[in-house]
Amino acid sequence: MNRQPAYALLSVLIVMTVTTTIELYRYRQYSEQRQIYSKLQNELLCQTMINLKSDKKQINKFNTGVVTRKNSEQVQAKLTNGFVFSANQSPQGS
């Protein structure tokens, strides 16, 4: 009876399974972190565009997107990558 190769093969399969599971878990964590980073980066860019907008214009165009004033308090920034960010701004001086 030659069971030595069967045990070696089973051991290799177990190690490969554990290694693959760990790598998939790490990949999922990095993917989630990348999504969070991208969202925060887009929000920061939108907030910066809103801060730089002109109060005299209804629509302000930037290289990275457009800022639209909906009414006196509601402002919306839309990036060229499709990300949309809305913000409420109270009138200044009150």
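Cys 46 is in contact (heavy atoms within 4.5 Å) with Ala 77, Leu 79, Phe 83 and Phe 85, leaving aside its neighbours within four places in sequence. The model is predicted: local features need pLDDT of at least 70, side-chain atom pairs count only at pLDDT 80 or more, and totals for chains, interfaces and linings use all residues. Residues are numbered from 1 along each chain as its sequence is written, and side-chain values use heavy atoms, without hydrogens and water.

Cys 46 belongs to the largest nonpolar core, which has nine residues. Such a core is a set of buried Ala, Val, Leu, Ile, Met, Phe, Trp, Tyr and Cys residues joined through side-chain atoms within 4.5 Å. Helix H1 (4-52), strand S3 (74-79) and strand S4 (84-88) each supply at least two of its residues. Helices (H or I, at least four residues) and strands (E, at least two) are DSSP runs, numbered from the N terminus.

H1 has 49 residues. Asn 42, Glu 43, Cys 46, Met 49 and Ile 50 of H1 are buried, meaning under 20% relative accessible area, with exposed over 50% and partly exposed in between (1.4 Å probe, protein chains only). Strand S2 (65-69), S3 and S4 are among what covers them. Leu 44, also in H1, is exposed at 53%.

Now the strands. On S3, Val 75, Ala 77 and Leu 79 point to one face and are buried. S3 runs antiparallel to S2, joined by five bridges; strands pair if DSSP finds at least two bridges between them. S3 and S4 also pair antiparallel, over five bridges. There, Ala 77 stands opposite Phe 85.

Technical notes: The expected span of a helix is 1.5 Å times one less than its number of residues.
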